Structure formats: C-alpha cells, structure tokens
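The sequence and the structure come first.

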Amino acid sequence: MGLVQWLKGTFLCHLIICYGFLVSGLLVNLLQICTLPLWPINKQLARRINCKLGYSITSQSVALLEWWSGTEVTFYTDPENCQLYGKENAIVVLNHNFEIDFLCGWTFCDRFGVLGASKCLAKKELSYLPVIGWMWYFLEMVFIKRKWEEDERSFVQSLQNLRDYPKKFWFLLHCEGTRFTEEKHRISMEVAEKKGLPKLKHHLLPRTKGFWVAVQNLRGTVAAVYCCTLNFRNNETPTLLGVINGKKYHPDLYIRRIPLESVPEDEAECSVWLHKLYQEKDQFQEDYSQTGCFPGPVITPPRGPWALINWLGWTCLLLYPLCLLLVQLVNYGSILTILATVAFCSAVSVGVRWMIGQTEIKRSSSYGVPLNN
Ligand SMILES: CCCCC/C=C\C/C=C\CCCCCCCC(=O)SCCNC(=O)CCNC(=O)[C@H](O)C(C)(C)COP(=O)(O)OP(=O)(O)OC[C@H]1O[C@@H](n2cnc3c(N)ncnc32)[C@H](O)[C@@H]1OP(=O)(O)O
Ligand SMILES: CCCCCCCCCCCCCCCCCC(=O)OC[C@@H](O)COP(=O)(O)O
C-alpha cells in the first residue's frame with residue numbers, strides 16, 4: 001500500500017473530510033434560509049441561487065467519489081441521445097441495489113450540468129437529515145411517506161410546482177420504492193406471482209403509481225424517461241465508508257432514452273409498460289452478470305474541474321480557522337477549552353457517521369415486508 005493510499009485511510013483525513021462537509025453544509029443551509037425573503041419577490045432567482053448552493057454541497061460528494069477514491073463511472077449509451085442529456089428535463093428510473101447509487105447518479109448529473117437542479121422522489125425521513133435533507137427542501141425535492149392516501153395531494157402539488165422550474169432538471173424515481181434485500185425480493189416476487197407477472201431476478205417488483213403520477217404531471221415539462229441500470233464489476237459491494245477510505249470501485253451505468261410520448265397515458269397501460277421496462281432491465285442485469293458489460297457504446301463525457309475546485313476551496317477556507325484555533329488551544333488553552341474542542345470533534349464524527357449510516361442497506365427500512373404491504 002502506497003503512502004497516499006495509507007493516508008486516505010487515516011482517521012485524521014476522515015475527520016477533516018467530515019468537518020469540511022458538515023460545516024460547509026451547515027453554512028450553505030444558512031445561506032439557503034437567507035434566500036427565503038427572496039421567494040415572494042423573485043422566485044426564479046431564488047431557485048437559481050439555491051441550485052448553485054445545492055451544487056456546492058452535492059459536488060463535494062462527487063469530488064470525493066471521483067478525485068479522492070478515483071472511482072470513475074463508465075457510461076453506456078447511444079451517442080446520438082447523449083447530445084440531448086443536460087439539454088432537456090427527464091424522469092430517471094434507476095435500480096436501487098447499491099449503497100452509493102445516489103453518488104454514481106450525481107456523477108452522471110455533474111457530467112451533464114444538471115447536478116444543482118436534479119431532484120428525486122424520496123422517503124420523508126431523508127428530509128430530516130442535516131445538510132443534505134435540509135438542502136433538498138430548498139431544491140423542491142419531492143418527499144413522500146409511501147402511504148398513498150397521505151401523499152397524493154402534496155406529491156401532485158410538488159410535481160406541478162416543477163412545471164416552471166428555471167433550470168434543466170432530472171427527476172429520479174426508484175420505482176422499487178426501497179433498497180434490494182433478499183427478504184424484500186422474495187416477498188415482492190410473491191406479489192408478482194399473485195398478479196401473474198413474470199418473476200424478476202435482480203429487481204424488486206416496481207410500484208407503478210408514483211411513476212404514472214410523475215409522468216402525467218410532468219407531461220409537457222419533461223421530454224423523456226431515462227431508463228438507467230447500474231451495476232459494479234467483479235460483484236463489488238460498494239459503501240460510502242469505502243469511498244471515504246479511498247477505495248476505488250468500478251461502476252457501469254447503462255442509460256436508454258425513451259421519449260415521453262411512448263409512455264401510455266392510461267394508468268393501467270402505464271403500469272403494464274413499467275412492468276415491461278423492469279423485465280427488460282432485469283434481462284440487462286442478467287446479461288451483465290454473464291458478460292460483465294452492458295450493451296451499447298461507451299461514452300466518456302469530460303470530468304469538469306468545478307467539483308474539485310469547490311471541494312478544495314471549502315476545505316482550505318474551513319481548515320484555516322480550525323488550525324488557528326488549534327494553535328491557540330495548544331499554546332494558551334485551558335483544560336476546559338481543550339475538552340470542549342475534543343467534544344466538538346467527537347460530535348462531528350458521530351454526527352457524520354450517523355448520516356453515513358442512512359446509506360447502509362443493513363439499516364434499510366422495513367418497507368415492502370408484510371406489515372407494510
Ligand atoms: C443515474 C441517474 C441518476 C439521476 C439522478 C437524479 C437526481 C438525483 C437527486 C438526488 C439523489 C438522491 C438519492 C436519494 C434517493 C432516495 C430514494 C428513496 O427515498 S426511495 C423511497 C421513496 N420512493 C418511492 O417509494 C418511489 C416508488 N414508489 C412509488 O412510486 C409508489 O407508487 C408510491 C407513490 C409510494 C405509492 O405506493 P403504493 O404502494 O401506495 O401504491 P402502488 O399502486 O404503487 O402499489 C400498490 C400495489 O403494490 C402491490 N404491492 C404490495 N406489496 C408489494 C411489494 N412488496 N412490491 C411490489 N408491489 C407490492 C400491492 O399489491 C398494490 O397492488 P394493487 O394496486 O394491484 O392492489
Ligand atoms: C466531501 C463529502 C464528504 C461526505 C462525508 C459523508 C457525508 C454523509 C453524507 C450522507 C449522505 C446521505 C444521502 C442520503 C441518500 C441515501 C439514499 C438512500 O439510499 O435512501 C434509501 C431510500 O431510497 C430507501 O430507503 P429504505 O426503504 O431502503 O430504507
């Protein structure tokens with residue numbers, strides 16, 4: 001193991017990364033609050049500012065993935081369709097098997113210039129996450145409790161609000177509704193059997209209502225559905241902790257562009273259409289497990305410098321006062337202030353570790369197991 005690789009695994013480096021992320025994130029959250037008075041005066045300007053602020057947080061994770069861990073996503077897609085990515089609004093449908101699928105998704109967004117504005121249909125619990133969840137609130141992310149009777153009104157309203165969004169955005173939907181586990185897979189295949197649907201090997205049975213409602217409410221706003229299928233080479237099981245430790249992974253992402261007009265308007269037909277889409281996705285995953293690659297040519301959109309510049313900028317800006325404080329502490333600090341600093345550092349690492357825990361599949365919710373069906 002080289003010195004650099006060893007350094008990436010040290011607690012000090014992790015503490016610096018977490019401190020930078022948490023403090024810069026909370027400062028950005030504060031700036032987002034400051035945009036509140038602007039909303040009634042100039043809503044579109046407030047939205048544009050919030051996209052930039054959002055980019056300043058999410059691009060740190062992209063920099064961590066791409067520059068720190070050296071992980072590079074390989075994109076498989078039609079080069080002609082690729083010309084349209086980033087130039088149109090789209091609904092993205094993605095499998096939900098990996099702990100860092102959202103990071104790979106953000107990389108895709110960053111390469112096509114839609115990272116700040118992109119959104120997803122997320123479970124309500126994520127809105128309470130400091131930094132990320134609070135940022136999402138200002139980016140008009142759509143949150144649901146996964147209880148349709150309670151969600152319907154706010155879901156439709158949130159989608160309608162996006163109709164005059166001033167920036168190009170992608171709206172991510174994990175139609176499976178929860179992360180893949182063996183137990184959830186077994187149960188959802190029982191549901192598939194009862195409904196007379198073909199069994200899926202690599203996906204849970206998709207829930208179709210959210211997709212249909214999104215398509216219906218975003219018709220005229222969104223041009224296409226991007227059917228995205230993600231997998232990792234060599235059966236890698238990536239984790240966010242692995243990325244922070246500087247471990248390099250090998251993700252492959254297959255993107256198919258489907259014009260929105262080809263998605264049926266009728267709810268029942270749309271549901272059949274989505275099930276068929278998941279059967280195709282399942283076949284791609286099966287072929288991937290045999291061949292180690294997806295169909296279609298590989299494209300390599302350039303990696304821009306801004307994610308790295310933003311990350312280094314925040315790190316330098318925040319490390320300087322921290323170093324000054326530490327020097328002061330060592331020279332003149334009382335036991336009490338030293339203890340307070342140790343407590344602060346511990347709080348930062350415990351807080352961020354808790355946030356990282358939200359990405360871990362072993363902590364996945366019980367959604368999709370019998371009690372919640
Ligand atoms: C790679 C590119 C990336 C681009 C990235 C772009 C943007 C990135 C931005 C941010 C990234 C952040 C990442 C964070 C990710 C967070 C993701 C989440 O939080 S996932 C959880 C929340 N999302 C969802 O739940 C969406 C999917 N669910 C739905 O859409 C649902 O339809 C619903 C809206 C929640 C409503 O669900 P409900 O169950 O009430 O209705 P349905 O009609 O859909 O389903 C009922 C139907 O399902 C049958 N059933 C029962 N059990 C199961 C089961 N286990 N599996 C499947 N189906 C089941 C049940 O019998 C009912 O059938 P029927 O209607 O016939 O009676
Ligand atoms: C420089 C950057 C440093 C990064 C330091 C670490 C920061 C920690 C960041 C935490 C980021 C949290 C993003 C949360 C996204 C998790 C998405 C997710 O996977 O949610 C699960 C739901 O879809 C389904 O839930 P389940 O029903 O499976 O339960």
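## The site of ligand 2

An oxygen atom of ligand 2 is placed 2.9 Å from an N or O atom in the side chain of arginine 179, a polar contact in the sense of a pair of N or O atoms within 3.5 Å, where within protein one must be able to donate a hydrogen and the other to accept it, and residues adjacent in sequence count only if both atoms are side-chain atoms. This is a predicted model, in which local features need pLDDT of at least 70 and side-chain atom pairs count only at pLDDT 80 or more, while totals for chains, interfaces and linings use all residues; side-chain values use heavy atoms, with hydrogens and water left out. Residues are numbered from 1 along each chain as its sequence is written, and chains are lettered from A and ligands numbered from 1 in the order in which they are written.

Arginine 146 has a side-chain N or O atom 3.0 Å from an oxygen atom of ligand 2, and a polar side-chain atom of serine 364 lies 2.6 Å from an oxygen atom of this ligand. Of the 760 Å² of accessible area that ligand 2 has on its own, the protein covers 95%, with areas taken from the Shrake-Rupley method with a 1.4 Å probe and, for residues, only the protein chains shown counting as cover. Helix 2 and helix 13 are the elements that give two or more residues to the shell, where helices (H or I, at least four residues) and strands (E, at least two) are DSSP runs numbered from the N terminus. The shell numbers 17 residues, the closest being His96, Thr178, Arg179, Ser364 and Ser365, and a residue is near a molecule or strand if one of its heavy atoms lies within 4 Å of it.

## Helix 2 against helix 13

The axes of helix 2 (residues 11-34) and helix 13 (residues 335-357) come within 9 Å and cross at roughly 80 degrees; axes are lines fitted to C-alpha atoms, for helices over the stretch in contact, and angles run from 0 to 180 degrees between N-to-C directions. Helix 2 is therefore roughly perpendicular to helix 13, given that angles under 35 degrees count as roughly parallel, over 145 as roughly antiparallel, 65 to 115 as roughly perpendicular and the rest as oblique.

The contact residues divide into 11 nonpolar, 1 polar and no charged, with Ala, Val, Leu, Ile, Met, Phe, Trp, Tyr, Cys and Pro counted as nonpolar, Asp, Glu, Lys and Arg as charged, and the others, Gly among them, as polar.

## The site of ligand 1

Ligand 1 is surrounded by 35 residues, and the closest are Lys123, Lys195, Arg207, Lys209 and Gly210. By class, this shell has 20 nonpolar, 9 polar and 6 charged residues. Strand 2 (90-94), helix 5 (101-111), strand 3 (119-123), helix 8 (182-195) and helix 9 (209-218) each supply at least two residues of the shell.

An oxygen atom of ligand 1 is 2.4 Å from an N or O atom in the side chain of lysine 195, and a nitrogen atom of ligand 1 is 3.4 Å from a polar backbone atom of leucine 121. The protein buries 83% of the 1,400 Å² that ligand 1 exposes when taken alone.

## Helix 3 and its partner helix 12

The axes of helix 3 and helix 12 (residues 306-332) come within 8 Å and cross at roughly 105 degrees, so helix 3 is roughly perpendicular to helix 12. The residues of this contact divide into 11 nonpolar, 4 polar and no charged.
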